[in-house]
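Visitor: I would like to learn how to read a few features of a model. Please take them one at a time.

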Amino acid sequence: MKKLITVLLIAVLAVVTTVALVACKDEDTTEKIVMYTESGFAPYEFVGADGKITGVDVAIMSEVAERMGRELEIKDVAFDFITQYVSESDGYSVGAAGLTINEERKLSVDFSNVYASSTLVVISSTSVGYDSVADLAGKKVGVQQGTSGDLIISDASTEAGYTYEDGDGNSVTVKAAGASVQKYSTYALAYQELASGRIDAILMDKLPAQSLIATQGGTQFVIKDATDLLQEDFGVALKKGAPAELVNTVNAVIKEWLDNGNLTKYTDYYTALDNYEKNGGEAPVAPEGLKLSWNV
């Protein structure tokens, strides 16, 4: 009898162990889309009052994940490592961080269709008001490491300068001889240095610059377009050879939201939300029909 009971117990334990292993396996293999971002780039991504990362890019990828029946996992990392993480990860990882589409990044990742465009601007004292990269010659210029602003001013400060092709196919070289490039992990840190007088200007994208000034209280600073640069386009970074389902869904969401005006609505809403959460005032009301929560 003892032997029979022992055998039965072993059998029961085997079944329980098998069920537990299957449950663990199911839990561990939950299908995800991993979104690599850097959360200091409102309105595209920022940390909300609830401590969660939110913004335009999060909305795009949340919609993508929901349509694909996957969970969205957001990883907040250093900006200049985002494309590396995407290129080295599995095909269901993306970089969504207001990433400018350029030839250097295309060497390691592919990009979705364009979902937003931006101009680079110079933030400086109202008493100066630099309005071009050339004006930054000999100045201390703050940038976020790995961004377009970093690339451009770093090249422009050299003897060769920064060269790009304009809309007519002409080669244009911009120089800011002797500019001292100060690189920071976030624009918020660059702003602190500007406010303390340790740097002369910041070179960055326009919308995040406007959000930065609005939320940091920068009445002593002015934002001016860098008139010697072209407009830049943002896209979602995708691993080369990423699954067609992911590529097609990302592009489908972008096209749909561009066509129906939702991308503009999301941009306006998250700009207002970031300002409200940092400065107070009247809470923004999302336009009717604008989706702000997802089943992911």
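Visitor: What is the mean pLDDT of the chain?

Guide: pLDDT is the predictor's confidence in each residue, from 0 to 100. In this predicted model the chain has a mean of 90, and 90% of its residues reach 70 or more. Over residues 1-29 pLDDT stays under 50, and the model has 0 contacts there beyond four places in sequence; a contact means heavy atoms within 4.5 Å. Because the model is predicted, local features need pLDDT of at least 70 and side-chain atom pairs count only at pLDDT 80 or more, while totals for chains, interfaces and linings use all residues. Residues are numbered from 1 along each chain as its sequence is written, and side-chain values use heavy atoms, leaving out hydrogens and water.

Visitor: How many helices and strands does the chain have?

Guide: Helices (H or I, at least four residues) and strands (E, at least two) are DSSP runs, numbered from the N terminus. This chain comes to 9 helices and 16 strands. Of its 296 residues, 44% count as buried, where buried means under 20% relative accessible area, exposed over 50% and partly exposed in between (1.4 Å probe, protein chains only).

Visitor: How is a pair of aromatic rings described?

Guide: The distance of the centres and the angle of the planes describe such a pair. Rings of Phe, Tyr and Trp (its six-membered ring) pair if their centres lie within 6.5 Å; planes under 30 degrees apart count as stacked, over 60 as edge-to-face and the rest as tilted. The structure holds 13 aromatic pairs. For Phe41 and Phe234 the ring centres are 6.3 Å apart and the planes at 55 degrees, so this pair is tilted. Phe41 lies in the loop between strands S1 (32-37) and S2 (46-47) and Phe234 in strand S15 (residues 232-234), so the pair ties together parts 193 residues apart in sequence. Both Phe41 and Phe234 are buried. Ring pairs also link Phe41 and Phe234 with Tyr44, Tyr115 and Tyr187 into a cluster.

Visitor: Which residues line the largest cavity?

Guide: A cavity is a set of points, on a 1 Å grid over the protein atoms alone, where a 1.4 Å probe fits but cannot get out; lining residues have an atom within 4 Å of a point. The search of the whole structure finds 1 cavity of 30 Å³ or more. The lining of the largest cavity consists of Phe41, Phe79, Gly98, Thr100, Arg105, Thr147, Ser148, Tyr187 and Asp205.

Methods
1 Å grid on protein atoms, 1.4 Å probe; cavity = no way out; pocket = protein on both sides within 12 Å on 5 of 7 lines; lining within 4 Å. Points joined across faces, edges and corners; volume = space filled by probe spheres on them.
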